[in-house]
Amino acid sequence: VYLVKIDGDSMQGAGIFAGDLAVVDRAIEPTHNHIIVALLNNEPLCKRLVIRNKFLILKSENPKYPDRHIMEGDEFSVWGVITYTIRSHL
């Protein structure tokens with residue numbers, strides 16, 4: 001288990017905001033609808049994992065951002081599943 005600071009606004013619809021600390025559990029097997037921290041083509045990101053007909057899709061929870069489909073040839077690894085977030089109110 002580790003903490004990661006969230007950057008960006010792509011997960012606001014899930015209640016995850018820039019500056020939040022996310023508790024990431026590497027022991028949880030990521031499944032459909034989990035919010036994950038991952039690396040896609042050397043870009044770290046936080047997205048909702050959608051599994052549709054054996055295809056992996058990384059979904060933002062902000063309509064400003066399109067879904068990202070994992071394609072053949074992409075370098076993709078999951079770093080863990082977000083279980084909690086912590087927000088500073090200062």
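**Entry 1: the sheet**

I began with a definition: two strands pair if DSSP finds at least two bridges between them. The model I have open is predicted. With that rule in hand, I looked up I36 and found that it stands opposite V81 in β7.

Next I wanted the whole sheet. I found an open sheet of seven strands, in the order β1-β2-β7-β3-β4-β5-β6, with antiparallel pairing. Which strands are at the edges? They are β1 and β6 (68–69), and each pairs on one side only. I reminded myself that strands of a sheet pair through backbone hydrogen bonds, either parallel or antiparallel.

**Entry 2**

I took β7 (residues 76–86) and checked its pairing with β2 (residues 21–25). The two run antiparallel and share five bridges. One residue I noted was L21, whose bridge partner in β7 is I86.

Then I turned to β3 (residues 35–40). Its pairing with β7 is antiparallel too, over five bridges. How many bridges join β3 to β4? I counted six, and these strands also run antiparallel. I went back to I36 here, and K47 is what it stands opposite in β4.

**Entry 2: is β3 buried or exposed?**

I looked up the accessibility of β3 residue by residue. Six of its six residues are buried, so the strand is largely enclosed by the rest of the structure. The cut-off I used for buried is under 20% relative accessible area.

I then asked about the two faces. In a regular strand the side chains alternate between the two faces of the sheet. I found I35, V37 and L39 buried on one side of β3.

Most residues other than glycine have a negative phi, and most peptide bonds are trans.

N41 is not a glycine, yet its phi is positive, at about 50°. I located N41 in the loop between β3 and β4. These strands form a hairpin with two residues between them. N41 has 40% relative accessibility, so I put it down as partly exposed.

K54 was my second case. K54 is not a glycine either, and has a positive phi of about 70°. I placed K54 in the loop between β4 and β5 (55–59). Its relative accessible area is 81%, so I recorded K54 as exposed.

**Entry 3: rings**

I looked for aromatic pairs. The rule asks for ring centres within 6.5 Å. My count came to zero pairs.

A charge over a ring was the next thing to check. I found K47 over the face of Y65, at 5.8 Å from the ring centre.

**Entry 4: the largest pocket**

Last, I looked for empty space. Rolling a probe the size of a water molecule over the atoms shows where empty space is left. The largest pocket has a volume of about 330 Å³. I listed 19 lining residues, and the closest to the centre are D7, S10, P44, L45 and C46. Which elements give two or more residues to this lining? I found β1 (2–5) and β4 (43–52). β4 gives the most, with five residues.

I sorted the lining by residue type. It divides into eleven nonpolar, three polar and five charged residues.

Note on methods: Residues numbered from 1 in each chain as written. Predicted model: local features only at pLDDT ≥ 70, side-chain atom pairs only at ≥ 80, totals over all residues. Heavy atoms only, no water. 1 Å grid on protein atoms, 1.4 Å probe; cavity = no way out; pocket = protein on both sides within 12 Å on 5 of 7 lines; lining within 4 Å. Points joined across faces, edges and corners; volume = space filled by probe spheres on them. Helix = DSSP H or I, 4+ residues; strand = E, 2+ residues; numbered from the N terminus. Nonpolar A, V, L, I, M, F, W, Y, C, P; charged D, E, K, R; others polar. Phe/Tyr/Trp six-rings, centres within 6.5 Å; stacked < 30°, edge-to-face > 60°. Lys NZ or Arg CZ within 6 Å of the ring centre and 35° of its normal. Buried < 20%, exposed > 50% of the residue type's maximum accessible area, 1.4 Å probe, protein only.
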